[in-house]
Amino acid sequence: MAMSNLQSPGGMESSLDLFSTPLSKPASSRLPRATLTNTPMVGAQHDSFPCYQFSFDIQAHYDEDISDADKVYQECMQDGPLSFEDCIPPERMKRCSKIGEGTFGEVFSTINDSNQTVALKIIPVEGCQKVNSEPQKTFGEILHEIIISKELSSLNSKEKTKTNGFIRLNNLHCVRGCYPSALLKAWDKFDQEKGSENDRPDFFSEEQLFLILEFEFGGSDLENMNGKLSSMTQAKSILHQVTAALAVAEHALCFEHRDLHWGNILVKTTKQKNNEFILNGSVHSIETRGVHVNIIDYSLSRLEIDGLTVSCDIANDEELFMGQGDYQFEIYRLMRKENNNCWSEYNPRSNVLWLHYLADKLLAMRYKTKPQSSQQKAVKSSLQTFCSEILNYSSATHALLHCRLFN
Ligand SMILES: Nc1ncnc2c1ncn2[C@@H]1O[C@H](COP(=O)(O)OP(=O)(O)O)[C@@H](O)[C@H]1O
Ligand SMILES: [Mg+2]
């Protein structure tokens with residue numbers, strides 16, 4: 001992709017693309033697609049489905065009284081849409097492979113200018129055709145996805161409160177045109193090998209707009225890592241890294257992820273022995289055990305910037321709270337119980353609930369080596385202890401500082 005500098009006006013988004021797997025696949029991290037009959041509204045109330053709430057005027061973060069489209073172009077540092085070819089030159093287009101999908105977007109890997117592997121999340125916007133049975137996102141909704149991704153990405157370059165546990169956003173562009181044939185080819189390959197729940201994106205006209213978010217390649221999501229992690233020692237590092245990232249974001253942004261299922265936790269191998277983070281000015285280190293974790297997908301997330309709150313009101317999204325078949329779905333109900341269905345307020349207990357879910361998942365996952373040595377058995381037992389204790393904590397920060405597993 002052509003380079004542009006990222007500017008963050010401060011704010012965030014939430015997008016509603018977690019609702020998509022049929023109930024016949026209860027263990028899937030995606031909720032039933034049938035539940036998503038609406039798109040979220042920005043700054044507006046609606047009777048029966050999630051809507052974004054902003055306790056501030058996002059307009060105030062931009063120079064003039066400009067349209068959402070202009071704000072998105074401003075974020076992309078563009079005057080108008082580019083072509084796919086301008087954005088993804090032929091040699092990079094040829095190297096695209098599809099690596100993931102959500103209801104609103106397709107995710108492809110390729111290489112960037114610096115020959116690094118990156119993930120391109122391609123989201124159709126503003127069109128009137130439904131995609132995957134859902135209306136397309138508007139510029140306003142996309143704007144908030146852009147802003148929250150930037151806020152969390154930028155925690156990697158702060159001095160006193162720093163983490164590299166949230167996926168880095170490198171670049172973003174808005175393009176116009178039909179879906180490129182190379183991407184359709186990559187889409188078909190994924191469909192043949194893994195099966196897609198999405199519509200083949202071959203029906204878009206030349207007028208269709210897309211947002212392309214270029215993220216660092218974060219590895220495989222935990223759902224796809226089942227049976228691929230070497231041992232519970234790696235699981236322990238994953239749990240520690242996620243807890244630390246959440247704690248830093250709690251501290252910096254009063255952040256709650258609110259949808260931290262195993263499809264939204266990426267894991268990749270690393271040669272670095274330690275992963276550093278900075279909490280309140282003090283530097284801490286975590287043994288990586290060969291894995292690096294990145295948190296993605298802020299669909300339901302909540303944060304504050306300069307005292308301004310941004311959240312997604314899911315109070316009336318009844319079906320979100322009706323899921324069955326996996327502990328994930330229980331977590332939405334437990335969060336609601338904790339916050340009395342008030343989604344604008346800060347309640348970092350939600351992060352604790354997701355950590356309990358994660359510990360439970362990590363204990364249930366398959367590993368290349370079974371815990372046979374006494375050392376491995378001790379790690380498993382410490383994870384079990386964590387699982388039974390974590391719900392006593394009030395936040396990820398509290399857990400990070402006091403849990404025996406991390407000390
Ligand atoms: N930066 C990334 N690196 C590697 N894989 C990614 C990346 N971003 C997304 N993916 C893959 O694509 C899937 C869908 O992306 P996600 O952002 O969670 O979309 P959605 O919001 O639609 O759920 C993820 O579960 C993951 O498998
Ligand atoms: Mg997701």
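Predicted model: local features only at pLDDT ≥ 70, side-chain atom pairs only at ≥ 80, totals over all residues.
1. Which residues come nearest to ligand 1? Of the 23 residues around ligand 1, they are Gly-100, Gly-102, Ala-119, Gly-218 and Asp-297.

2. Strands contribute to this shell. Strand 2 (97–101) and strand 4 (117–125) each supply at least two of its residues. Strand 2 gives the largest share, three residues.

3. Both domains named here take part in the shell. Domain 1 (1–218 + 303–315) and domain 2 (219–295 + 324–407) each provide at least three residues of the shell around ligand 1.

4. Five strands make up an open sheet, and their order is 2-3-4-6-5. The pairing is antiparallel. Strand 2 and strand 5 (169–176) are the edge strands, each pairing on one side only. From one strand to the next, the twist averages 30 degrees.

5. One pairing can be followed in detail. Eight bridges join strand 4 to strand 6 (residues 209–216), in the antiparallel sense. Within strand 6, Ile-212 stands opposite Ile-122.

6. Which helices pack on the sheet, and where? Helix 4 (residues 139–153) lies across strand 4, strand 5 and strand 6. Helix 4 runs at about 165 degrees to strand 5. Helix 5 (residues 181–193) also packs on the sheet, where it touches strand 2 and strand 3 (106–111). The direction of helix 5 makes about 65 degrees with that of strand 2.

7. Two packed helices are described by the angle between their axes and the distance between the axes. For helix 6 (residues 232–253) and helix 9 (residues 374–389), the axes come within 9 Å and cross at roughly 35 degrees. The crossing of helix 6 and helix 9 is left-handed.

8. What makes the contact between helix 6 and helix 9? Helix 6 brings Met-232, Thr-233, Ala-235 and Lys-236. Helix 9 brings Gln-376, Val-379, Lys-380 and Leu-383. By class, this contact has four nonpolar, two polar and two charged residues.

Terms used
Residues numbered from 1 in each chain as written. Chains lettered and ligands numbered in written order. Near = placed C-beta within 6 Å. Helix = DSSP H or I, 4+ residues; strand = E, 2+ residues; numbered from the N terminus. Domains from an automatic or database assignment. Pairing = 2+ DSSP bridges. Axes fitted to C-alpha atoms, helices over the stretch in contact; angles between N-to-C directions. Contact = placed C-beta atoms within 7 Å. Left-handed = near helix turned anticlockwise from the far one by under 90°. Nonpolar A, V, L, I, M, F, W, Y, C, P; charged D, E, K, R; others polar.
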